[in-house]
Amino acid sequence: MVKSQNLLTEVESKELLKKAGIPIVEAKLARSKKEAISVSREMGFPVVLKISSPDVVHKSDSGGVRLGLANAAQVGKAYSEIVSSIKKAYPDAQIEGVSVQPMAPPGVEVIVGMSKDPQFGPVLMFGLGGILVEVLKDVSFRIVPVTERDAREMIKEIKGYPLLQGYRGQKPASIPALEKLIMNVSQFVENNPQIKELDLNPIFAYPDKAVAVDARIILE
Amino acid sequence: MFEEKLKELEPVFYPKSIAVVGASATSIKAGSVWVRDLRSAGFPGVIYAVGSSGGRLGDLEVFPNLRLVPGEVEYVIVAIPRQSVLELLDDCATKNVKVVHFFTAGFSEIGTQQGRMLEEQMLEKARWGNIRIVGPNCIGAYCPEHRIPFLTGILGESGPVGFVSQSGGIATKLVTIGIARHINYSKGVSFGNGIDLDASDFLQYLAADPKTKVIGAYLEGTRDGTRLFNTMKEVARVKPLVVWKGGRTEAGAQAAMSHTGSLVSSAAIWSAMLKQAGAIEVHSLEELTDTLLIFQQLGHGRGTRAAIIGGLADGGGGNSVAAGDACMENGLKVPPLSSETRQELVKLLGEVGSIFHNPVDVSQAQFRGLPTLFKAIDLVTRDTTSDIVLVQEDTDILLPIYSRQGLEEINEFFIELGARQNKPVIVVLPSGSAEPERLQIEQKLLKGSIPVFCSMERAAKAIYGVNQYSCWQEAKQGRL
């Protein structure tokens with residue numbers, strides 16, 4: 001079901017994105033419990049640990065993610081639990097270790113992705129994250145290359161747009177930051193035709209910026 | 001832009017000579033019908049009939065082979081079995097034919113390897129012989145200006161609307177509905193399998209064609225999505241492009257590993273492509289023809305504030321309420337009339353049995369004579385709170401009240417009203433029991449440049465769609 005050589009790990013994906021100027025929450029690979037703890041101390045708590053394996057596509061489904069780890073003890077425990085959960089769920093998976101990243105403060109959750117259409121080539125997708133995408137499929141598409149106007153329109157087009165403008169006490173998201181992110185992703189996929197699919201999910205959007213909390217890149 | 005396309009495709013729409021291959025002197029063949037239709041339509045160029053039977057078709061000689069045709073042949077219509085098409089292409093090359101239209105079917109559309117291979121061989125021969133191909137498996141060109149009819153001799157009036165269709169059936173409907181609703185075409189084409197000249201080529205031609213002011217298209221797929229997308233972007237920049245994409249449901253979704261991949265669908269991508277290109281997407285034959293009619297008559301978006309005359313004699317608020325709902329649900333605004341206009345209307349028609357809010361009901365006019373009715377409609381039209389006037393005219397109800405003569409006068413008034421002032425006047429003429437009379441009124445109004453719709457919903461939807469397009473265009477220009 002999964003091809004290991006085509007799926008980049010979160011750490012690898014984020015490295016590529018960072019080079020392309022796309023804002024990401026930096027993730028570091030820790031190959032041992034000890035390393036995980038030292039990296040966490042360096043980054044500052046709270047942190048998030050996620051399984052790092054080219055064979056695991058859906059990390060949270062099989063106990064591969066632990067959020068809000070506030071100290072070294074929690075990090076250590078989480079490391080063991082993650083590795084054993086994944087070993088149980090995917091006995092043949094090649095496990096590199098875990099990715100460690102700072103826990104991002106909550107913002108408006110959005111998703112930006114790319115998929116290749118057989119007729120029109122790379123297509124970008126935008127949507128509000130979580131249930132809004134999964135159940136309501138409230139998403140918009142544009143064909144690469146995506147202009148500034150396209151980016152603006154594809155954001156405004158979704159039904160959940162009012163949530164981006166701030167709703168019921170939640171802070172609004174920076175539309176210009178999201179537009180810029182979308183255009184950067186467009187440029188990124190244009191420059192890298194070997195990328196087959198891409199998910200930036202979730203992106204947390206704040207009043208002043210938007211950052212990809214998780215990233216998945218699949219190569220041809 | 002695309003000026004070179006005008007020269008390249010001139011033989012398709014303005015051929016000086018046409019040879020129909022597959023005509024017979026002895027039996028009824030598609031080719032023979034084509035020859036007959038071209039002649040009845042009054043095609044001004046030279047027509048040649050080619051068929052193995054030889055002999056004569058009427059007063060025309062039937063040449064057993066294309067090579068035996070004495071004069072120049074610019075355009076060939078092919079209605080012979082597919083087994084003979086390759087040989088025919090050789091003959092066309094010998095005769096220096098510019099364009100060959102294959103009505104013949106049985107190629108890639110039937111899904112066989114043989115069909116696809118045959119198309120490849122046809123293309124090879126065409127390239128070698130410097131020939132362009134329309135089709136195969138299509139009805140080909142329609143050009144009223146040059147007296148080229150569309151299948152079974154249908155020939156409408158010449159006008160500003162161009163169309164491009166991947167389906168012959170849909171193309172035929174576009175032509176016949178055009179005749180019924182006075183949507184007049186500059187050119188149209190059914191291009192079928194499009195192995196050589198395809199949607200992009202014809203769209204480019206229509207974009208450059210000075211006779212075409214708005215373009216409609218029916219598409220199901222494309223061999224070169226990027227070229228189509230880029231073409232549409234350029235075309236939509238210069239003329240309104242209205243596209244109906246058929247075949248919206250997915251045959252089989254691809255297995256995708258990304259979240260994004262699992263959410264894409266062909267229909268969603270096509271919609272995005274059309275939006276991004278600046279085309280108007282429609283979802284049915286009705287929507288397509290409604291939108292083309294509005295573009296033809298109104299030219300561009302004229303606003304969305306509607307003054308609705310919900311009943312000319314209906315004497316009921318229900319129809320007016322329904323009319324108002326239909327407009328608002330389809331994007332139009334229905335602002336109240338100004339108090340001045342309302343006061344004038346009260347003076348004219350009295351307060352009882354009338355509604356002057358908007359929608360307006362002027363039923364009381366039936367007791368005060370036609371001049372009063374006309375004055376009331378005039379008042380509503382002149383009110384500055386609206387951009388468009390929509391009139392609901394129910395033939396069944398009006399006929400007994402006003403009689404044929406009265407109805408004639410009322411509709412002449414609408415035609416004159418539309419002509420003497422700037423605000424578009426649109427009539428909604430729902431069907432009922434008085435069909436023959438309704439049809440006559442419809443034809444009269446359409447001839448008089450008044451757009452006619454069979455329902456308020458359809459009228460409102462088309463008006464809104466055209467207006468959205470204009471707003472989009474303006475916003476785009478504003479940013480440049």
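How far apart do the C-alpha centres of domain 1 of chain A and domain 2 of chain A lie?

1. The structure under review is a predicted model. In chain A, the domain assignment places domain 1 at residues 26-102 and domain 2 at residues 108-219. The C-alpha centres of these two domains of chain A are 26 Å apart.

2. In soluble globular proteins, nonpolar side chains tend to be buried together. Here the largest nonpolar core comprises 190 residues. Those with the most contacts inside this core are A:Val112, B:Val20, B:Val21, B:Val78 and B:Leu390. Helix α17 of chain B (residues 456-479) gives the most to this core, supplying 8 residues. Another core, of 20 residues, lies apart from it and includes A:Ala30, A:Ile37, A:Val47 and A:Ala78.

3. Leaving aside residues up to four places away in sequence, B:Val78 touches B:Val21, B:Gly22, B:Val85, B:Leu88, B:Val100, B:His101, B:Phe102, B:Phe103 and B:Thr104.

4. Two packed helices are described by the angle between their axes and the distance between the axes. For helix α15 (residues 395-420) and helix α16 (residues 435-447), both of chain B, the packing angle is about 10° and the axes are 10 Å apart. Angles under 35 degrees count as roughly parallel, and α15(B) and α16(B) are therefore roughly parallel to each other.

5. On the α15(B) side, this contact is made by B:Thr395, B:Leu399, B:Arg404, B:Leu407, B:Asn411, B:Phe414 and B:Ile415. The α16(B) side contributes B:Glu437, B:Arg438, B:Ile441, B:Lys444 and B:Leu445. By class, the residues of the contact between α15(B) and α16(B) comprise 6 nonpolar, 2 polar and 4 charged.

Technical notes
Residues numbered from 1 in each chain as written. Chains lettered and ligands numbered in written order. Predicted model: local features only at pLDDT ≥ 70, side-chain atom pairs only at ≥ 80, totals over all residues. Core = buried A, V, L, I, M, F, W, Y, C linked by C-beta atoms within 7 Å. Buried ≥ 20, exposed ≤ 12 C-beta atoms within 10 Å, placed from the backbone. Helix = DSSP H or I, 4+ residues; strand = E, 2+ residues; numbered from the N terminus. Contact = placed C-beta atoms within 7 Å. Domains from an automatic or database assignment. Axes fitted to C-alpha atoms, helices over the stretch in contact; angles between N-to-C directions. Parallel < 35°, antiparallel > 145°, perpendicular 65-115°, else oblique. Nonpolar A, V, L, I, M, F, W, Y, C, P; charged D, E, K, R; others polar.
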